[in-house]
Each structure stands twice: as structure tokens, then as C-alpha cells.
Amino acid sequence: NRRDRPPAPLAAVASAVIDPPSTMPSQPVPPPAAPAGLKGWLLPALLTGLAYAALGRLALLLALPPGFAAPIYPSAGLALAVTLIHGRRVLPGVALGAFLVNLQLSDPRALQQLPALAPPLVAGLGAMLQAAAGAALVRWRMPGPLRLAEPRDVAWFCLFGGLLACLVNASLSVPVLVLLGVVPTSAAGFTWWTWWAGDALGVL
């Protein structure tokens with residue numbers, strides 16, 4: 001009997017009218033705004049730099065002559081991951097970590113001269129631009145949450161975040177090293193290939 005049924009609570013009726021259940025597909029959720037201050041950008045950047053440098057140092061133990069490229073470079077994957085998670089605020093940490101890694105490859109006696117700092121500075125810039133490009137390409141192709149639950153999503157991620165984005169650092173750093181005489185011209189192609197492949201495998 002309709003008379004015996006208690007009336008629906010007014011709040012529930014109003015909620016159903018004002019905010020009906022959505023049948024539309026979920027829209028991409030923008031990343032949360034980074035908090036201001038020390039913990040907002042400086043601390044994540046420093047932690048990223050230290051982690052990048054530690055992984056890079058271990059990877060370069062397997063580096064092939066002339067020593068600037070490793071067959072697998074997990075730091076490239078770390079740089080892309082933290083950029084996708086935390087945004088552009090960690091990119092200075094990526095540059096710092098790559099600079100520290102490549103600084104260890106320089107002759108300590110030559111570091112007293114400014115040109116000797118060019119290779120690690122270029123490598124740091126290349127790593128930062130590569131992480132930014134990889135994150136931008138992945139977000140452009142997959143704007144929603146990165147679940148990587150479907151084979152197609154995994155393939156797009158590997159293509160844009162790994163194979164394509166990792167062209168940046170190798171294509172920027174290796175020519176500079178050749179111009180500075182750090183890498184012989186005869187080894188430029190092999191160094192570029194090893195650099196790109198190591199970064200791509202690190203991302204994958």
C-alpha cells in the first residue's frame with residue numbers, strides 16, 4: 001500500500017535531482033596541484049636527483065667504451081616515472097642526477113676548466129628534456145589514468161615513452177661529445193646507438 005510506505009528523505013531526493021548518476025565515461029583527472037614551499041618542489045627534486053645518480057652510477061659500471069653509454073640505463077625509466085607521477089617540478093632533479101652521473105666520468109684534473117663541465121651539463125639538459133618529452137608524449141596519447149591494463153596501452157607507452165622519447169638525449173649529447181673531442185668520430189654511431197638503446201630499455 002502506497003500510504004504505508006515512508007516518504008523518501010528530502011536530502012536523498014534533492015541529491016538525486018541535483019547530482020544524478022553519471023552515465024558518461026570518466027574524464028581525465030588533472031594532477032593535483034603541487035604544494036608550495038620546500039616540500040613542494042625542492043625536496044622531490046633533490047630525492048629524484050639522488051636516486052637518478054645512484055642508479056646511473058650502477059648502470060655505468062656496465063658501460064661500453066668510451067664509457068658514456070650503458071646497455072641498460074634504469075635512470076631513464078626513473079626519470080620518466082617520477083615526471084609522470086609528480087609533474088614538471090622534479091625535472092630539475094633529473095638534470096641534477098644526470099649531471100652528477102656524467103661528472104664522475106670526467107677527469108678531475110680537467111674539471112678546473114669550464115669547458116670540461118660541458119659534457120655533464122649537456123647530459124643533464126638532455127636527460128631533463130627527454131623526461132619532459134616522454135611524459136608529454138605519453139599524456140598526449142593516453143590522457144586518462146595510466147593503468148596499462150590493455151596490450152594496446154602497453155604498446156603505446158613503450159613506443160612514445162621509450163622508443164621515441166629516448167631519441168632526445170642521445171641525439172643531443174652524443175654530437176656535443178663528438179664536437180668536444182670526448183667521443184671519437186669513429187665511435188659516434190655506436191655510442192649513439194648504445195645510449196638510445198640503454199635509455200629505451202631502462203624505460204621499458
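In the predicted model, helix α5 meets helix α7 through Pro119, Val122, Ala123, Leu125, Gly126, Ala127, Leu129, Gln130 and Ala133 on the α5 side and Val168, Asn169, Ala170, Leu172, Ser173, Val176 and Leu177 on the α7 side, contact meaning heavy atoms within 4.5 Å. By class, this contact has twelve nonpolar, four polar and no charged residues. The axes of α5 (residues 118-141) and α7 (residues 167-179) lie 8 Å apart at an angle of about 165°, which makes α5 roughly antiparallel to α7 (over 145 degrees). Residues are numbered from 1 along each chain as its sequence is written. Local features need pLDDT of at least 70 in this predicted model, and side-chain atom pairs count only at pLDDT 80 or more, while totals for chains, interfaces and linings use all residues; side-chain values use heavy atoms, with hydrogens and water left out.

Five aromatic pairs are found in a search of the whole structure, rings of Phe, Tyr and Trp (its six-membered ring) being paired if their centres lie within 6.5 Å, with planes under 30 degrees apart counted as stacked, over 60 as edge-to-face and the rest as tilted. One of them is the tilted pair of Trp156 and Phe160, at 5.5 Å centre to centre and 35° between the planes; these residues are four apart in helix α6 (residues 151-164) and therefore separated by about one helical turn. Trp156 is partly exposed at 27% relative accessibility, whereas Phe160 is buried at 10% (buried being under 20% relative accessible area, exposed over 50% and partly exposed in between, with a 1.4 Å probe and protein chains only). Ring pairs link Trp140, Trp156 and Phe160 into a cluster.

Note on methods:
Axes fitted to C-alpha atoms, helices over the stretch in contact; angles between N-to-C directions. Helix = DSSP H or I, 4+ residues; strand = E, 2+ residues; numbered from the N terminus. Parallel < 35°, antiparallel > 145°, perpendicular 65-115°, else oblique. Nonpolar A, V, L, I, M, F, W, Y, C, P; charged D, E, K, R; others polar.
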